[in-house]
Amino acid sequence: MADALTAAYALRLGDDALILSHRLSEWVGHGPELEEDIALANTALDLLGQARLLLACAGAREGRGRDEDALAYGRDVLDFSNLLLVEQPNGDFAQTMVRQFLFDAYAVELWPRLSASRDEALAGIAGKAAREAAYHVEQSAAWVVRMGDGTEESHARAQAGLDLLWPYAGEIFEADEVETTLAEKGIAVAPSVLREHWQARVEPVLEEAGLVPPEGTGVRKGGRQGRHSEHLGHLLAEFQFMQRAYPGAEW
Amino acid sequence: MSERGERSGNERDWPLFEVFIRARTGLHHRHCGSLHAADPEMALARARDVYTRRGEGTSIWVVPSDSIHASDPADKDMLFEPAMSKIYRHPSFYDLPDDVENM
């Protein structure tokens with residue numbers, strides 16, 4: 001039972017990293033500046049590395065013989081358990097960076113705590129991810145401030161990104177029996193614990209950027225349970241195409 | 001970027017920075033390239049992403065390119081040719097004791 005829950009938990013975190021990594025990789029060759037193109041790809045690769053470790057861990061705990069590739073390429077939309085936030089389209093660069101910042105501000109609070117997990121595999125992955133997240137959040141926060149406090153146009157674009165994505169942030173702090181049970185055992189981090197730390201990171205940055213979160217928008221959720229927005233299917237169609245058309249192909 | 005809307009169309013190209021990296025085993029920073037960035041902080045971040053992807057560095061310097069005063073290639077002969085004929089300036093004419101290893 002504990003293994004099944006741990007598998008589900010690792011899968012959730014792994015799916016977050018995998019889908020966000022793919023979204024960022026969509027920028028490759030389209031970045032606003034050459035150096036930024038490389039920076040986005042670097043972050044995507046960090047997240048892909050996290051995803052591989054987490055999916056491999058999930059596959060091992062699940063005990064059904066699925067490895068990281070089987071989980072990444074062999075599942076359909078309903079079986080993905082990532083946050084709705086990370087599957088939202090890139091939009092413009094401002095929208096991408098707002099999405100990244102809202103996620104990074106969560107990741108940088110999650111991983112150091114998870115590195116104290118009683119599950120050694122998860123703790124090890126979290127320790128590595130913590131260093132990466134610390135850099136990611138510094139960069140995405142800097143961009144949010146740059147654009148929010150930049151020109152009229154960059155401000156408008158950053159605010160539009162925040163208006164669009166803010167309702168998805170609430171899902172980060174949702175918990176069901178997976179997180180709740182595992183948190184009691186000292187294996188997972190209870191998402192509710194992270195909310196105030198996330199706010200303490202997000203609020204000063206938005207204030208410096210001159211950006212205001214929309215009010216009364218409610219929370220868009222369902223990703224953890226496999227109820228996704230229309231965007232994930234399109235993402236997977238591209239992401240999984242090769243393995244669907246040529247199963248087991250390697251090069 | 002403090003005042004909104006102050007950047008005009010002809011300022012769209014960000015300034016150039018020269019990047020210096022100190023390698024893992026090196027003692028000093030070496031010039032490794034240049035990049036465009038809006039300010040020194042962004043230049044540092046981009047230098048990290050562009051020039052240290054394969055674990056090359058332990059320290060980064062960035063310097064605005066227009067802060068570098070360079071010698072004129074046309075002055076090459078005047079500046080450097082006179083040193084070419086002064087072989088006695090090289091420490092090649094001493095017998096070093098065996099105990100001196102790294103000269």
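**Figure 1. The contact between chain A and chain B in the predicted model.** Chain A brings 18 residues to the contact, and chain B brings 17 residues. Together the two chains bury about 1600 Å², with 49% of it on carbon and sulfur atoms. On the chain A side, A:Glu35, A:Tyr135 and A:Arg146 lose the most area to chain B. These residues make up 38% of what that side buries.

**Figure 2. Salt bridges and polar contacts between chain A and chain B.** Four salt bridges are counted between the chains. One of the charged pairings joins the side chains of A:Arg146 and B:Asp39, at 3.0 Å from N to O. Six residue pairs are in polar contact across the interface. In chain A, α2 (34-62), α6 (120-148) and α7 (152-169) each supply at least two residues of the side that touches chain B. That side has five nonpolar, seven polar and six charged residues.

**Figure 3. The largest cavity.** Searching the whole structure gives two cavities of 30 Å³ or more. The largest holds about 70 Å³ of space. Its lining includes A:Tyr9, A:Leu13, A:Tyr106, A:Glu171 and A:Arg224. Two or more lining residues come from each of α1 (2-25), α5 (93-114) and α9 (191-209) of chain A. By class, the lining has eight nonpolar, four charged and no polar residues.

**Figure 4. The second largest cavity.** Its volume is about 40 Å³. Among the lining residues are A:Leu13, A:Asp16, A:Gln50, A:Phe103, A:Tyr106 and A:Trp111. In chain A, α1 and α5 each supply at least two lining residues. α5(A) gives the most, with five residues. The lining divides into seven nonpolar, one polar and one charged.

Methods:
Residues numbered from 1 in each chain as written. Chains lettered and ligands numbered in written order. Predicted model: local features only at pLDDT ≥ 70, side-chain atom pairs only at ≥ 80, totals over all residues. Heavy atoms only, no water. Contact = heavy atoms within 4.5 Å. Buried area = accessible area lost by both parts, 1.4 Å probe. Polar contact = N/O pair within 3.5 Å; in protein donor to acceptor, adjacent residues only side chain to side chain. Helix = DSSP H or I, 4+ residues; strand = E, 2+ residues; numbered from the N terminus. Nonpolar A, V, L, I, M, F, W, Y, C, P; charged D, E, K, R; others polar. 1 Å grid on protein atoms, 1.4 Å probe; cavity = no way out; pocket = protein on both sides within 12 Å on 5 of 7 lines; lining within 4 Å. Points joined across faces, edges and corners; volume = space filled by probe spheres on them.
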